[in-house]
Amino acid sequence: MTDGQWLFTVFATLYLLECLRWIPLPSRLIVEKRTGRWTYRRPSGMISARGLGLILLRALPPFRAHLIVSPWRFIPKNHHLLAIGEEGQRRCIPWSELRARADGTRLVLDESTGVRLPTETSAKEWSHRLNEWAALSSEERAMRFHDFAKRTLDPEAMKQRAARLSRQVRSLNTNAAFILFTCFGLVTGVYTWFGESNPLWASLILLMLLQLVQSVLFWRVTRPSKDEPKVGHRFWKALAIALMPHFSIRAADHLCFAADQGDHPLAARELVDAEEYRGVSETFWREARYFKGWATTDELPIEAEALERYFRSVGIQVTDLEKSPVREAGSASFCPRCLTQFQLAAGVCRDCHDTDLRGFE
């Protein structure tokens with residue numbers, strides 16, 4: 001391979017690495033697929049490390065905006081905090097032993113428990129929030145949680161935030177397409193046909209100019225504002241965008257990453273297609289509604305109460321989210337949480353934290 005081919009390979013590898021994102025396994029991305037319509041994407045559970053799953057963002061134009069949304073990971077109970085780990089593990093921490101602090105993107109709850117969150121900002125916010133909750137009574141914690149749930153389940157606010165982000169990154173993504181074509185198309189073609197000649201230098205100068213334009217666009221779009229999320233290390237990111245093609249192409253990702261406001265995935269009701277939204281709603285309702293001992297009590301967990309209030313406000317009946325699976329031959333019951341079927345008439349599902357089984361009617 002020639003020096004030019006090696007350089008092309010290095011740039012292509014660096015660019016593909018820039019298209020990879022690691023996010024906490026319970027979180028989701030909502031990705032714009034066309035103007036005004038978005039779709040859910042989950043991180044890979046097979047390619048994961050330290051509680052983070054891998055997502056490959058779109059590598060070729062048209063580039064689109066994306067947002068991180070996260071389910072509730074911390075549920076206040078009467079005597080303890082229920083913390084949900086990256087792979088669904090549940091840990092109960094007595095309020096008297098809770099010592100929440102942020103360590104980067106990791107939220108440390110006590111000496112042995114830590115939960116990975118999408119951003120450092122969200123880890124700091126949760127450490128402050130949980131330490132406040134620890135000093136309150138059970139009734140006050142419940143009120144604070146319902147207020148928090150209502151704020152993170154606001155479809156109209158989510159729709160406005162997504163539309164604003166889409167407008168902000170549009171010019172960056174358009175210029176990114178030109179940079180991608182120039183770097184991996186024009187420069188490569190000129191080098192192949194003309195070698196190290198004046199046309200090659202002209203194409204490289206054009207590439208540098210496009211990167212400089214991208215850096216200026218990024219600097220303008222990320223100007224500090226009380227109504228917009230702050231992009232950290234703004235100067236150094238703008239400098240990298242001006243100098244490196246792979247950073248320039250993915251410049252809009254910095255805005256998308258900073259736009260995380262802790263919204264629940266169900267807040268995207270106005271953005272995703274109805275059928276897709278219904279499937280996600282059913283999943284979150286089952287996970288909140290059914291737990292160990294649900295069959296012997298009529299009391300809903302606090303997270304299920306919050307979801308029920310939300311569904312009622314948007315005109316969704318929770319009974320419509322609880323359809324039984326198609327009964328297989330020999331099955332007598334199923335887990336209402338994961339819908340796995342069993343031949344036993346009664347028992348618990350070990351995979352769902354000993355959730356009581358439900359018999360087929």
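Modeller: Ground rules: the model is predicted, with local features needing pLDDT of at least 70 and side-chain atom pairs 80 or more, while totals for chains, interfaces and linings use all residues. Residues are numbered from 1 along each chain as its sequence is written, and side-chain values use heavy atoms, leaving out hydrogens and water.

Colleague: How far does α5 reach from its first C-alpha to its last?

Modeller: Helices here are DSSP runs (H or I, at least four residues), numbered from the N terminus. Helix α5 covers residues 198–221, 24 residues in total.

Colleague: Is Met 208 buried, partly exposed or exposed?

Modeller: Met 208 lies in helix α5. Buried means under 20% relative accessible area and exposed over 50%, with partly exposed in between (1.4 Å probe, protein chains only). Met 208 has 40% relative accessibility, so it counts as partly exposed.

Colleague: Which residues have the most contacts inside the largest nonpolar core?

Modeller: A nonpolar core is a set of buried Ala, Val, Leu, Ile, Met, Phe, Trp, Tyr and Cys residues joined through side-chain atoms within 4.5 Å. The largest one has 64 residues, and those with the most contacts inside it are Phe 74, Leu 109 and Leu 130.

Technical notes: Helix = DSSP H or I, 4+ residues; strand = E, 2+ residues; numbered from the N terminus. Expected span 1.5 Å × (residues − 1).
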